[in-house]
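Work through the exercises below with the structure open. Each task is followed by a solution in steps.

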Amino acid sequence: LESSLWEKASRRLGPAPDGDEVVWIKVGDRGADIFDHLVECQKQHQRFLIRARQDRVLLTAQGKHAGKLFETVRATRSCGTLSLDLRTRPGQAARQAHLQVSVTPLVLRAPQSLKQSPGARPPLSCVAVRVWEPQPPPGIQALEWILLTDLEVTNFAQACEIVQMYATRWLEEEFHKALKTGMDAEGPQLKTAQAWFSIVAIKSVAALRLIEVRERLRIEPAAPAETAGLSELELRVLRARSHTPLATVSAVALAIGRLGGHLNRKSDGPPGWITLWRGWEVLQTLVEGVLLARKLPQFG
């Protein structure tokens, strides 16, 4: 079952390292809100931060019925306000949201099964951090996240940290897009796990570099081209191939996109993952050609 993939992934990762130096935190969207997954995280000493999808039954510390998740969490008063920069989404421009934050300790009842007697499976203790937008802009759906975590959350500062952790989850999504969509990591017809691990490891490095370029384009498009994340040789080759000085991060990203087929028309958005990857491949081929040429006596 697809719902068991999260649980199996936690088991495959194995126990988190002992000690406070390293903490493994699994951050997931609503698709990861599976009770067995949360239980497996705790078995493996992996901390979790999952956006709630299921309106679960709650229990008191004595095991009595204590209502439902969503109603209980939404009845908790705000403990402070938080401003959060939201990225561009389909049909919505990037904006800053002014949010309320609340913290609710919970005991989640385990799902009931006809094959088991009531209470056969132990409940799960966690904390719900709710963040919501009481006054969204006209025509914009209000933001609301209900985040379940077993991390310590006893004050407003810790709650804000939880929200910020979840807000950065899109980096994980962007990495998967770069790896799977842009670089077609699933395309090669490989037959062994070792071969898959090797190609994913190699392409992961390139994916992270492309994410760096995209993020620098988003955050500081007018910054000097030298801060775009390219090596000195890569930047020199890109400038020579583009026949332009490429003074800014934005110009660098667009130049890579052009190598991959981006037309840079007024109606076009920024280069997508597939276009960036194609352009990056062309750039690396050009750089490799320069390095090889340097080894030839007549070009050295």
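**Exercise 1: Salt bridges between helices**

Arg 214 and Glu 174 form a salt bridge, with the closest N and O atoms 3.2 Å apart. The criterion is a side-chain nitrogen of Lys or Arg within 4 Å of a carboxyl oxygen of Asp or Glu. This is a predicted model, where local features need pLDDT of at least 70, side-chain atom pairs count only at pLDDT 80 or more, and totals for chains, interfaces and linings use all residues. Residues are numbered from 1 along each chain as its sequence is written, and side-chain values use heavy atoms, with hydrogens and water left out.

Solution. 
- Step 1. Helices here are DSSP runs of H or I with at least four residues, strands are E runs of at least two, and both are numbered from the N terminus.
- Step 2. Check burial: buried means under 20% relative accessible area, exposed over 50%, and partly exposed in between (1.4 Å probe, protein chains only). Arg 214 is partly exposed because its relative accessible area is 22%. Glu 174, at 10%, is buried.

Task: Where do Glu 234 and Arg 209 lie, and how many residues apart are they?

Solution. 
- Step 1. Confirm the bridge: the closest N and O atoms of Glu 234 and Arg 209 are 2.8 Å apart.
- Step 2. Assign elements: Glu 234 is in helix H7 and Arg 209 in helix H6, 25 residues apart.
- Step 3. Classify: Glu 234 is buried at 4% relative accessibility, whereas Arg 209 is partly exposed at 24%.

**Exercise 2: The nonpolar core**

Task: Which members of the largest nonpolar core touch the most other members?

Solution. 
- Step 1. Define the set: buried Ala, Val, Leu, Ile, Met, Phe, Trp, Tyr and Cys residues joined through side-chain atoms within 4.5 Å.
- Step 2. Of its 29 residues, the answer is Leu 230, Leu 238, Val 252, Ile 256, Trp 280 and Leu 283.
- Step 3. H6, H7 (232–242), H8 (249–259) and H9 each give two or more residues to this core.
- Step 4. A second, separate core has 22 residues, including Val 27, Val 131, Leu 151 and Val 163.

**Exercise 3: The largest pocket**

Task: Which element gives the most to the lining of the largest pocket?

Solution. 
- Step 1. On a 1 Å grid over the protein atoms alone, where a 1.4 Å probe fits, a pocket is an open set with protein on both sides within 12 Å along at least five of seven lines; lining residues have an atom within 4 Å of a point.
- Step 2. The volume is about 1,100 Å³, taken as the space filled by probe spheres set on grid points joined across faces, edges and corners.
- Step 3. The answer is H5, with 5 residues.
- Step 4. The pocket has 26 lining residues, with Leu 86, Arg 87, Arg 89, Ala 167 and Trp 170 nearest its centre.
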